[in-house]
Amino acid sequence: MKKQILSLIAVALCALNAADTVVKLPEPNKKGGMPLMEALANRKSSRAFNSKAAIQPDVLGDLLWATWGFNRPGLRTAPTAINLQELDVYVLKEDGCWLYDAEKHALVRTVAKDLRPATLGKLRQNFVLDAPVTLAIVADKAKATSLGNKDFSEIDSGYLSQNIYLYCASAGLATVVRASFPPTLAKEMGLKDTQQVTLVQCVGWPDKED
Ligand SMILES: Cc1cc2nc3c(=O)[nH]c(=O)nc-3n(C[C@H](O)[C@H](O)[C@H](O)COP(=O)(O)O)c2cc1C
């Protein structure tokens, strides 16, 4: 019990430290990239990341826009059932956990702690720690079922994941989607009770060995 209270206090303190940190991302470059058929030909899961190569803000901004940005007024680069847009994308990196605010094309820090280790599940896939970025796709289950429909949030998450794969193929980045993360991740991220992590996806520059 004491341990639980202490960990709750730690999460609350991290959230307090993180408050008010907003970083505007560079405008996404919506032109160019690899032809679609080439990107599909190159799409793959990679687990060998160069831990020393950071992802620059312009690349991160393009990646996030490709994943879940607005490409028309009120509508996104990925479809959702009944256009519920019940998903959020968080960026887990060394300097904390950040919510992608697609409207402002900005990052809002929610936890001032590196949560990449908190995504390690039973498989202990240690390559996760080499990837400078882990994207976490988070579903709001209350929104997902708000119209009394079947919950499509896991299906909807797959479209975001494929957008990540295709952007990475185009940009020469390495990526792998992962369903093996512990249930404790949501708490570490300070998510609401109605929110659930559906997928996490490592992104980084490829290791020479790959
Ligand atoms: C829903 C889903 C969950 C996955 N979970 C993991 C995972 O936890 N760890 C991992 O290393 N790869 C994971 N993968 C990646 C698959 O292993 C990979 O897509 C598959 O081996 C085919 O390889 P390819 O993506 O290069 O075509 C997952 C893929 C999907 C679609």
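The questions below concern helix packing, a sheet and a ligand shell in a predicted model.

Q: Why is α3 called oblique to α5?
A: Helix α3 (residues 57–68) and helix α5 (residues 153–171) pack at an angle of about 140°, their axes 8 Å apart. Roughly antiparallel needs an angle over 145, and roughly perpendicular covers 65 to 115. The pair is therefore oblique. The crossing of α3 past α5 is right-handed.

Q: What makes the contact of α3 with α5, by class?
A: From α3 come V59, D62, L63, A66, T67 and W68, which meet L160, N163, I164, Y167 and A171 of α5. By class these are eight nonpolar, two polar and one charged.

Q: Why do β1 and β8 count as edges of the sheet?
A: The open sheet has seven strands in the order β1-β6-β5-β4-β7-β9-β8, with antiparallel pairing. β1 (22–24) and β8 (174–178) each have a single partner strand, so one side of each lacks a neighbour in the sheet.

Q: How do you know that β1 pairs with β6?
A: A pair needs at least two bridges. Three bridges join β1 to β6 (residues 106–111), and the two strands run antiparallel. In β6, L107 is the bridge partner of V23.

Q: Which strands does α5 touch where it packs on the sheet?
A: α5 touches β4, β7, β8 and β9, and its direction makes about 10° with that of β9. Angles under 35 degrees count as roughly parallel, so this one does.

Q: What makes up the shell around the ligand, by class?
A: K44, S45, R47, Q125, V176, V177, R178, A179 and S180 surround the ligand. They divide into three nonpolar, three polar and three charged.

How values were computed
Residues numbered from 1 in each chain as written. Predicted model: local features only at pLDDT ≥ 70, side-chain atom pairs only at ≥ 80, totals over all residues. Near = placed C-beta within 6 Å. Nonpolar A, V, L, I, M, F, W, Y, C, P; charged D, E, K, R; others polar. Axes fitted to C-alpha atoms, helices over the stretch in contact; angles between N-to-C directions. Helix = DSSP H or I, 4+ residues; strand = E, 2+ residues; numbered from the N terminus. Left-handed = near helix turned anticlockwise from the far one by under 90°. Contact = placed C-beta atoms within 7 Å.
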